[in-house]
Structure formats: C-alpha cells, structure tokens
Amino acid sequence: MSVIPTWISIVGVVMTVLSPLLALGGVFLGSYLTRKSDRELDVWRHREETMRMVRWAVEQILEGEDAGTDAGVVTLRSLMRSELLQAEDYDLVAALTAAVAIDRIGASAYADIADTDIEVVEGDSDHG
C-alpha cells in the first residue's frame with residue numbers, strides 16, 4: 001500500500017484553496033484594467049467631440065454671416081460652461097473664444113453674449 005507523503009497532501013490542499021482565489025484575483029485585475037481603459041476612452045471621446053465643436057464654431061464665426069457668427073459664439077460660450085469641456089482644455093477654448101469672438105463681433109457684443117460677471121479685455125494690434 002502506498003502512502004502519500006505529507007508534503008504532497010499539504011500542497012494539494014493549498015492549491016485547492018488558492019486556485020479559486022487566484023482566479024478571483026485575475027477577474028478583479030481584468031475588471032480594473034477594463035474600467036481604466038473605458039475611462040481613458042471616455043476622456044478621448046469627450047476631447048474629440050469638444051475639438052469638433054470648437055472647429056465648427058470657429059468656422060461659423062470666420063465665415064462672417066451674422067447668423068453663423070452668433071451661432072458660433074453661442075456654441076463656444078456654451079461649451080465653456082459644459083461638462084464636456086475638460087479642465088485641461090478650458091484655457092485653450094477660453095482664449096480662442098475671446099480672440100475670435102472679440103475680433104469678429106466686437107467687445108461690446110461679446111460681453112452681451114458672455115456671462116455678465118466676465119470682464120472682456122481687448123489687446124492692442126501688436127499683442128492680439
């Protein structure tokens with residue numbers, strides 16, 4: 001009659017207990033990596049949509065038609081208040097909005113469309 005050595009039975013018990021725990025750990029790791037990539041993809045999608053809207057609005061403003069200019073400025077202003085615009089893109093969109101809108105429609109019209117608590121500052125011809 002053969003007797004199983006004690007160390008083999010201990011290894012068998014440990015493997016029986018650890019294998020489901022290792023599988024559970026793999027599931028948690030896979031879930032974490034999937035959620036991380038989903039968040040990164042969501043950031044990328046928001047940025048793409050933001051830049052698409054900015055491009056459209058600037059094109060509308062630069063075409064020079066009154067309705068298109070108003071729509072472009074309103075779009076840029078709304079985008080600046082939107083959750084779609086990410087914090088790292090805010091300065092770019094704000095500067096672009098001010099530069100394009102003030103040059104095209106003037107400071108007073110821009111101030112009417114803008115928030116009432118925002119001060120509009122025009123640059124001179126040498127500094128934009």
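I began at Ser-37, where the side chain reaches the backbone oxygen of Thr-34 at 3.0 Å. I noted that the model is predicted, that local features need pLDDT of at least 70, that side-chain atom pairs count only at pLDDT 80 or more, and that totals for chains, interfaces and linings use all residues. Residues are numbered from 1 along each chain as its sequence is written, and side-chain values use heavy atoms, with hydrogens and water left out.

I looked up where Ser-37 sits: helix α1, residues 6–63. Helices here are DSSP runs of H or I, at least four residues, and strands are runs of E, at least two, numbered from the N terminus. Ser-37 has 36% relative accessibility, so it counts as partly exposed. The classes are buried (under 20% relative accessible area), exposed (over 50%) and partly exposed (in between), with a 1.4 Å probe and protein chains only.

Next I turned to Gln-86. I found it in the loop between α2 (66–81) and α3 (87–105). Is Gln-86 buried or exposed? Gln-86 is buried, because its relative accessible area is 11%. Its side chain reaches the backbone oxygen of Val-43 at 3.0 Å. I also listed the contacts of Gln-86 (heavy atoms within 4.5 Å). Leaving aside neighbours within four places in sequence, they are Val-43, His-46 and Arg-47.

Last, I took in the whole protein. I counted four helices and zero strands. The elements run α-α-α-α from the N terminus on. Buried residues make up 21% of the 128 residues.

Methods:
A polar contact is a pair of N or O atoms within 3.5 Å; within protein, one must be able to donate a hydrogen and the other to accept it, and residues adjacent in sequence count only if both atoms are side-chain atoms.
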